[in-house]
Structures are given as structure tokens and as C-alpha cells.
Amino acid sequence: MAGKIRIKKGLDIPLKGKPSDKITVDTSSKLYAIYPDDFPGVIWKAQVKAGDVVSSGDIILSDKISGKICLVAPVDGEVIEINRGERRHINYISIARSEKNNEKASAASNRIDSEEIRATLQRSGLWAMMRQRPYDIVPEAESVARDIFVTAFDTSPLAGEIITEKDKEWLEKGLETLSRLTSGKVYLNIRAGQGIESKAATVTEFEGPHPAGNVGVQIAAIKPVNKGETVWTLDARTAVRIGKFFGAGVSDYTTLVAVTGPEVSDPHLVSTIVGASIEGILNGLLQDPKGKRIISGNVLTGEKVGINGYLHYPYRQVTVIEEGDEADEFMGWASLNPGKYSVKRNFPAFLRGLSKPFDFDARIKGGKRAMILSEEYDKVFPFDIYPEYLLKAIMANDIDRMEKLGIYEVAPEDFALPEFVDTSKQELQKIVREGLDNLRKELS
């Protein structure tokens, strides 16, 4: 029987545009791309050049240091562009899909040992879809996990389901494979009432508002990360891909994307392939992209991409809201309009009920100012950590205080809600990301 944990602190943002259960198939996307920056902690080196013909599963990027960790082509086709930025940094590699479909095969996992499983995951691109704590990076090639945490639900604004009923068989196979990579436990974390059982993993049910679906919150509630310890995390969709790869010899790069937001005409789920073009995913669902903020991901942690962009990792959601550039509102951010959402009772929105959907836009609605110790972060931050003091230690690059205040337990996404409610308008996720990178650099 699964244990149950209730998360009390948090906030469910009532954004319009919740997806229905309808599923359609993306047949419009012809271009696909992989962004190396979606996979932090690795220095990537291109293994292809423009004009190369690749098959699904072929290596297109590899770890420049070890050469073991790879990113692979999600489709068969031709490499169109290796887009580079400053100092020849690779922004993305785009591939034009061809009609052929060559599936890569793999050996069954019950015939190979843990080292072969590790090498196969690294070569197949599935390793890069996991994360390591501390530092919230792709697990290092030789890292050893104390435990592995798999989350099967997402509580982010307007998030859809991570897996479907038919995926459960492959999920179990993936969990069994992962259990052979750690001397500790594999934890499968599910939503209360989700009804997923497992023999290969310890199942824990979670209930409560966002960020109950964040794996960092789940780790803190089950078995926190201490200095010197390493855990791996992944979502259930990646575990399903691992199960299919080792159980059936199939490289599965399909994904179920929730197309959401108040500007989407018919919010629902779209079956596509990782790295698909945003224009193809939104085909027929967005009348005019002008003045719209198109986000690959959710409104708290996603990437602004535009109609000509591509789907970023973790490949689960696309959200469209108004930019708000042309908004003409009396008194601006201080407007007393009851249609304006606020977490505080300074505005009359609470009279209409804060659970009713609101039509958000991308405006910050306030100016950046010094961080104030007002305890507003604590109301939506369910860690046993003092967030303001940790952030100040990061900004001061005080490593000793960062360690004492719990930096090993957190990732940027854990500070997305505090950033949303922050009256100081600080970029908290960016601060945490830079802090983790600096800490890793200092201690390496």
C-alpha cells in the first residue's frame, strides 16, 4: 500500500486555458530541434554538420569531456542548421524530418549488467533526460545514485498528464531497469488517487497544491539530500521510454504535449515528437501569434520561444498568453479591477473567488527593488529552508552559508512560485541557477 504525504504550502495559479482530455496527433511538424542548454552540466560537442543525413537515435551531440553522454536525433532526416551564438556556442541543432522511419534496437535489460545499462542509457540520449541533485544537472557519467526519484504527475499551471493508462506496463519495466543502477531505492511518486502500483519501486502518494508535483518537494518530504550524497530524478515519461528501450528494443521519442493557455482556441493534448516545431504543434490552435507570448513549458518555468521556435525539454507543455504590451489599464499595476489576480487581499479579486480562472498576461506589474524579508516566500515554499536567507547567501557567494541553508536540496524550479509572488520582482530562478553553477565550479 502506498504511503501518503500532504503538502500544505503552495499555490495553484488559476490560469484560463486548461486542456481537455482530447488527444490529437501532430502531423504538421516538419522541423525538429534539440537545444543543448536544456541539458545543464555538460559541455556539448556537435557530432554532425549541416547536410548530414541522420536516423532516429543517431548521435548528434556528445559530452566534450568524457565522450560518453550523448544527445540523439529524435527523427530520421537531414541536419538543416547548427545554430551558434557567441564564441561558437551551440544554440540548437535543427533536423528536417524525412518520410522513412528506422527504429533502433537494443538488448533486453535482463541480459546485461548495470554497467552496460548505464553505457546504453548514455549512448541512447535517455541518460541526458535525467537530473542529478545536487546542482540540478545531467548526472555525471560516473555518478552513483543514493536513490532514484520518479514523478508521475505535474502540478504546474495547466499541466496535462505525464503518462496514459497504456504506458503503465512500460513504466514498470523502466522502474525495474532503474532499480539495477542504485544500491538504494527507486521511489515512484504519484498523485493521490492516480492508481499506479509498482513492484520495482516504493510508491508514495502526494496531495496538495503546486509545487507538490516538483520532484524536489517530494525528495524533501521522503528523504532529503545531504552534503556528499547524490540522487537522480526523472519524470515517468522518461521511465516509460527506458522501459520501451530495454523491454522492446524501441527508441521512443514521442511525447504528449498539453497545448494550453487563454489564447489557445481549443486547449487539449497533442501527441508529437520531442523537439517538434511550435508552429506545427499550434497548427489551427492559434489564430494570430502577434502580441502573444508563446512558452515552451508552463508559465512559471518555461522558455519564451515564439511561433518559429521548437519544443524544449522536458517536452510536456506549450502555453500561450498575451504579452500585455498594448494593455491600457487605469492606474496600471495598482488597478482595483476585480479581474486582476493577486495573492494578497490588497486587491478586490478575492471577492469573486481566487479559484475561478483568470486571464493572465506576461506583464511583471511592478518594478524591481531590493529583496525584503517579508516571509511571503514561505507561504508557497514547502521546504524546511529559509528561502530569503539562502538567496542572500547565493547572491553573496557565501558557500558555507549556502551549504548550511540547504542549497543541495533545491533547484531553480523550486523557486518559481516564490518568484511569482515576489513583490521585489527578483529573478529568483536565475539567482539559484547561477548559485548552483558557481558552487559546483568551486567544489570541483
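**Cores, aromatic pairs and a buried threonine**

The largest nonpolar core has 74 residues, and those touching the most other members are Phe39, Ile148, Val150, Leu171, Leu178 and Leu188. Helix α4, residues 236–248, gives the most to this core, with six residues. A second, separate core of 28 residues includes Phe206, Tyr377, Tyr408 and Phe415. The model described here is predicted.

**Inside the largest core**
- Leu171, one of the residues that touch the most other members of the core, is in contact with Ile163, Leu188, Ile196, Ala236, Ala239 and Val240, leaving aside residues up to four places away in sequence.

**Aromatic pairs**
- The count of aromatic pairs comes to 16.
- In the pair of Phe360 and Phe420, the ring centres are 6.3 Å apart and the planes are at 55°, so this pair is tilted.
- Phe360 lies in the loop between β19 (317–322) and α6 (387–395), while Phe420 lies in helix α8 (residues 416–421), so the pair ties together parts that are 60 residues apart in sequence.
- Are the two residues buried or partly exposed? Phe360 has a relative accessible area of 16% and is buried, whereas Phe420, with 30%, is partly exposed.
- The cut-off explains this: buried means under 20% relative accessible area, and partly exposed means the range from there up to the exposed class, which is over 50%.

**Thr272 and its surroundings**
- Thr272 is found in strand β16, which covers residues 268–273.
- With a relative accessible area of 4%, Thr272 is buried.
- Which residues does Thr272 touch, not counting residues up to four places away in sequence? They are Asp26, Tyr253, Thr254, Thr255, Val257, Ile281 and Leu311.
- With Asp26 there is also a polar contact of 2.8 Å, which joins the side chains of Asp26 and Thr272.
- Thr272 and Glu165 are 107 residues apart in sequence, and their C-alpha atoms are 18 Å apart in space.

**Helix α6**
- The buried residues of α6 are Pro387, Glu388, Leu390, Leu391, Ala393 and Ile394.
- An α-helix has 3.6 residues a turn, so residues three or four places apart point the same way.
- Helices α7 (399–404) and α9 (428–443) are included in what covers the buried residues of α6.
- Just after α6, Asn397 takes a positive phi of about 55°.

Key. Residues are numbered from 1 along each chain as its sequence is written. This is a predicted model: local features need pLDDT of at least 70, side-chain atom pairs count only at pLDDT 80 or more; totals for chains, interfaces and linings use all residues. Side-chain values use heavy atoms; hydrogens and water are left out. Rings of Phe, Tyr and Trp (its six-membered ring) pair if their centres lie within 6.5 Å; planes under 30 degrees apart count as stacked, over 60 as edge-to-face and the rest as tilted. Helices (H or I, at least four residues) and strands (E, at least two) are DSSP runs, numbered from the N terminus. Buried means under 20% relative accessible area, exposed over 50%, partly exposed in between (1.4 Å probe, protein chains only). A nonpolar core is a set of buried Ala, Val, Leu, Ile, Met, Phe, Trp, Tyr and Cys residues joined through side-chain atoms within 4.5 Å. Contact means heavy atoms within 4.5 Å. A polar contact is a pair of N or O atoms within 3.5 Å; within protein, one must be able to donate a hydrogen and the other to accept it, and residues adjacent in sequence count only if both atoms are side-chain atoms.
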